[in-house]
Amino acid sequence: MDFQDYYKILSVAPDADSKTIKTAYRKLARKYHPDVSEHHEAEEKFKQIAEAYEVLKDPKKRAQYDELREHGGQGYRQEQTQGTSGQHYSQSSSDHGDFSDFFSSIFGGAYQPEEGAGAHGFSQQGFSSQRAARKGQDIETDMPIFLEDTLATSSKPISYSLPHRDAQGQVSQVNKTLNVKIPAGVAEGERIRLKGQGGQGLGDAPSGDLYLRIRLVPHPLFDVEAHNLILTVPLAPWEAALGTSLEAPTLSGKIKITIPANSQSGQRLRIKGKGLVRKQGHGDFYAVLKVVMPGSVSEESKQHWQQLADAAAFDPRMEWRQ
Amino acid sequence: MDLSAQYFSLEEICYATQNPSQTIIEIVNQGIVEPEGAGPETWLFNTQMISVTKRACRLHRDLEIDWSGIALAISLIEELDQLRDENQRLRKRLERFLDQ
């Protein structure tokens, strides 16, 4: 088991006063809190910071820790392998219920967040009976969904890992797979709660819940804007000039689109009701026109372009001349 | 898997987020979440609001910020998330438009 240098983690001197420790914690917490930070190791870093603060803010725990530290942390490995002490964190929220083995070895078994000590105070306010029997950990995880799968209610498997406590109280991560009914019309970022599918509770308390966050998988052809579907439609210059009729793909079969004469690049054509499924009705389908030039121009084509240039008397940079 | 009961009363959100009702009422009073219904007895929260409430409580506990500060932080975080998503979407569309 690795020795954790809590002073180093909070970047404070070993003789720092409690005010300095508090300030250092708050500063680092703002930087690495998983709800705020985009840092890829935010969750692990924050757990270390919270654990260090938990010990150093409490004079009793700090004294106990300092004594151990003075004796060179005997019995612990000294390498500073921060965050890789064999801990596995779930994708869960930072209900820091899983401090390191090092913490448990000094301050005893399963740590329970002292929410009562903060402003939550639920120990005095009706949840006291659940402190010994604590509801299991909630798990939050992303659920990737293909656009095609949002059109109708479908059943999808989701795999996630969650902490499992065996009869001896040892906690390990186990994998779990569930089939989840995804309702038609789900949108990006929407959350689905599956009651009782999170971590197991302590004592007789019920399990935590599983929260799935819908993530729409980027589509090779379509973009999404609310419940509207956007397709970029490449057009030859003469198609934009003369107009045309074409077949375009949608998520459910093809549709016919009429391109009017004199269309511009970037122009949007709306086809009502052909977008994504909503809880009620459908979004719209937008064809965004993109005029593209042929890759190579033959000598004959060049002559045609030249004739056009001579005849069109068109100045696309008129605005610059004022 | 049954997805029924995706709306929650005050009592249910207290249990789901492990908070006393005073905390939830404070969160609603700050406008961090806006349940349907006229008062605490008839409030209905959705799953999204549970997630926001959980996030607000984590920030309140871990960053030691008061509730009005949390309200500001949450609205800024939400705005940032929205802008990031929008930026990503527009970038993707721009790429489609520029690349052959």
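**Exercise 1.** Work out how S6(A) and S7(A) pair, and what sits at their turn.

*Step 1.* Strand S6 (residues 222–225) and strand S7 (residues 228–235) of chain A pair in the antiparallel sense over four bridges. Strands here are DSSP runs of E with at least two residues, helices are runs of H or I with at least four, and both are numbered from the N terminus. Two strands pair if DSSP finds at least two bridges between them.

*Step 2.* Now find the facing residues: Glu225(A) stands opposite Asn228(A) in S7(A).

*Step 3.* The hairpin has two residues between the strands, and Ala226(A) takes a positive phi near 55 degrees.

*Step 4.* Check the faces of S6(A): Phe222(A) and Val224(A) form the covered one, Asp223(A) and Glu225(A) the uncovered one. In a regular strand, side chains alternate between the two faces of the sheet.

A quick note: this is a predicted model, where local features need pLDDT of at least 70, side-chain atom pairs count only at pLDDT 80 or more, and totals for chains, interfaces and linings use all residues. Residues are numbered from 1 along each chain as its sequence is written, with chains lettered from A and ligands numbered from 1 in the order in which they are written.

**Exercise 2.** Decide whether Ala240(A) is buried or exposed.

*Step 1.* Locate Ala240(A): helix H6 (residues 237–242) of chain A.

*Step 2.* Ala240(A) is buried because 21 C-beta neighbours lie inside 10 Å. The cut-offs, using C-beta atoms placed from the backbone, are 20 or more others within 10 Å for buried, 12 or fewer for exposed, and partly exposed in between.

*Step 3.* Look along the chain too: Ile259(A) is 19 residues from Ala240(A) in sequence, yet their C-alpha atoms are 7.3 Å apart.
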